[in-house]
Amino acid sequence: MSKRRIKKIAIIGSGIMGSGIACHFANIGVDVLLLDIVPRELNDKEKAKGLTLEDKVVRNRLVNDALTASIKSKPAPLYHNSFKNRITTGNLEDDIAKVKDVDWIMEVVVERLDIKQQVFEKLEKHRTPGTLITSNTSGIPIKFMSEGRSEDFQKHFCGTHFFNPARYLKLFEIIPGPKTDASVLEFLNGYGEQFLGKTSVVAKDTPAFIGNRIGIFSIQSLFHAVKDLDLTIEEVDKLSGPVIGRPKSATFRTVDVVGLDTLVHVANGIYENCKEDERLELFKLPDFINTMMENKWLGSKTKQGFYKKTVSAESKKEILSLDLNTLEYREKKRAKFATLELTKTIDKVVDRFKVLVKGKDKAGEFYRKSFAALFAYVSNRIPEITDDLYKIDDAMKAGFGWEHGPFQIWDAIGVEAGIEMMKAEGLEPNAWVNEMLASGSTSFYSIKDGATYAYDIPKKSQEKIPGQDSFIILDNIRKSNEVFKNSGVVVEDLGDGILNVEFQSKMNTIGGDVLAGLNKAIDIAEKDFAGLVVGNQAANFSVGANIGMIFMMAAEQEYDELNMAIKYFQDSMMRMRYSSIPTVAAPHGMALGGGCELSMHADKVVAAAETYIGLVEFGVGVIPGGGGSKEMTLRASDTFKKGDVQLNTLQEYFLTIGMAKVATSAYEAFDLGILQKGKDVVVVNKDRQIAVAKQHAKLMADMGYTQPVKRKDVKVLGKQALSMFMVGTDSMQDSKYISEHDRKIANKLGYVMAGGDLSEPTLVSEQYLLDLEREAFLSLCTERKTLERIQHMLTKGKPLRN
């Protein structure tokens, strides 16, 4: 990658996309200048204040209002609220000259070519030669936008298409113009992946580029299938959701969230501009879509779309579904298919596809028809929209949240079996697919030496996909590099003397087998290796301890066994901290309860920016019992200063547990004391996380890691703190903020964090606190209300307040 540095960026246009992109650049530490137009008239508030159109507050009203709305929106566009201070706002009349000082100018104005061209004309007067200039268009041809601009402008100009919301969706499409310099594309490709945390995909300048071209085809295909197969919208959403590795919102709920008008705009654009597309008629809108557009049933933004939230006569919230035959709303119908029942025991999505397409019911027919159409369509888009099949898969996974791209699904079913499915539907793959089979390649992808290869159509051979050297893909090395395996974990050799322990339990919960595997991994690492990473590439790092096991032991009153199980958990966490090799935890997604405790006991945490981490045990009626209560007490002690603030500091850590606070990003976890500044690090691109964690483990080992000495200097405040906690919990119960059982849990936690009822502040060992923690945990497990909460969590998946 070139030595170009992005220290400051100008975002032109502060709408939902512009403000969202500005926030994400602020997330990664870039200084952002966000500009928009000047209002043409005063609003009522401004008139009442006697302001004029010349006042700065008026001139920047549009940009400031838009940014404020974005920052307040959910899900939050910022990793941390303080990052908003990295964004400076202004307007395109008073502040446009400031673009001369930025390293990148990105246009995010309304999707009209004439307006974009006017903006570029103004910007070129102030742009410093050599500055990157890009457009976030979702479909306007790049070649038209830079017409009439200077050679330097055109050389540094291309499309950079983010998906909304910019923080969360990983696709970053880069679309070259006719004169874009190759070094610019190379830089943006690398920058998107390394700095923005995106999956960068260079696309050709064709309508809707890659992601939306395939994504809208897939949705339109389902729009037509729903009538052809006489399916309800609930049935389609059941079939096109998590069962095949797609988001829970599936098809129709996704359209409601995005907005039907947005989808129609893109679909019409493809229909008008892709006359050579062999499936052109599919992009014609079905009658029910036209009716919905006329009725303004656009989804969430108009309070109704395919689904509609209502309140019944009994004041009960309900979600109604649209009947596509009558176009009237009705009660939701439960969708059930025999074919889906066959996949319930198949944990890996990729292994379900073969079963799904063989289904004998309507679901099987749905999958055969929809996959056959998708496979034929994507094969025909090469080389039109891209020369590389893996880019289509990358775009669908990163832009639409698919776990597997079309060619990966085709591989899972079998290339020849996919062709047979097409023939049954009167379809044919593009000629290059049959040429691939004739050349001896029986799949689109292959794995070699831990790297992924994809079929290269011009070369007629499997070629290594570029850009993998920064990643460690566990799926690719799990079998070849396995060092140990049990039912809970796989331990892999990452190379350079570093092991990785990867959880394999459901939702990566931590039970006996996982703890046994973790201890075995430390044994092996201490004997033959230099360091240990605890990480995986599932959707979530770990949702915590196996509460089903805890419930069974508590319900059967097997308290000795439960005591031993909790002690084993505590001892395993202490082993993470006090082994002779460096340990690095790599949390991402949900890292709750025991997953959080494990992270807090590692020598170092390399967290993905999108990590939702916290000690949530209060929700099931207990306190953190795997070292979490002890650790928060220790961390409070380490931050004590002389004077009266010690109680206040301890109370902050107490409330983090007592209110079951969960950080909504790794950066927020520093505020909660879960991550530690100067020790733990954050990685924006989750794909790099295992590799970065390995580097840190190796660095610690290379620098001469010495096993730490167990702590005996944790300052606890005794009765002084205990009194404060009890007064607080009594007050909260009296005010009806918490239940009697909540107060009991909080008092137990307070007892642990105070170090018991010691008469004065005392220095104690970690083991002393662990014993108090375990005793409190066990006593709560004897409570009927605790068992009710655990059972409710197991059956309903959410906490019970009793």
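Tutor: Start with the second largest cavity: its lining is made up of Ile510, Gly511, Leu515, Ala545, Asn546, Met549, Ile550, Ala565, Ile566 and Phe569. Two or more of these residues come from each of α23 (547-555) and α24 (559-577). The model is predicted.

Student: Which element gives the largest share of that lining?

Tutor: Helix α24 does, with three residues.

Student: How do the residues of that lining divide by class?

Tutor: Eight are nonpolar and two are polar, with no charged residues. The space inside is about 60 Å³.

Student: What lines the largest cavity?

Tutor: Its lining residues include Phe217, Leu222, Arg246, Phe366 and Leu374. Helices α9 (211-228) and α16 (362-380) each supply at least two of the lining residues. By class, six are nonpolar, four polar and one charged.

Student: Now a single residue. Is Glu631 buried or exposed?

Tutor: Compare the relative accessible area with the cut-off: under 20% counts as buried. Glu631 has 2%, so Glu631 is buried. Glu631 belongs to helix α26, residues 628-638.

Student: Which side chain makes a polar contact with that of Glu631?

Tutor: Lys630, at 2.9 Å.

Student: What does Glu631 contact beyond its neighbours within four places in sequence?

Tutor: Arg577, Met600, His601 and Glu766.

Methods:
Residues numbered from 1 in each chain as written. Predicted model: local features only at pLDDT ≥ 70, side-chain atom pairs only at ≥ 80, totals over all residues. Heavy atoms only, no water. Helix = DSSP H or I, 4+ residues; strand = E, 2+ residues; numbered from the N terminus. Buried < 20%, exposed > 50% of the residue type's maximum accessible area, 1.4 Å probe, protein only. Polar contact = N/O pair within 3.5 Å; in protein donor to acceptor, adjacent residues only side chain to side chain. Contact = heavy atoms within 4.5 Å. 1 Å grid on protein atoms, 1.4 Å probe; cavity = no way out; pocket = protein on both sides within 12 Å on 5 of 7 lines; lining within 4 Å. Nonpolar A, V, L, I, M, F, W, Y, C, P; charged D, E, K, R; others polar. Points joined across faces, edges and corners; volume = space filled by probe spheres on them.
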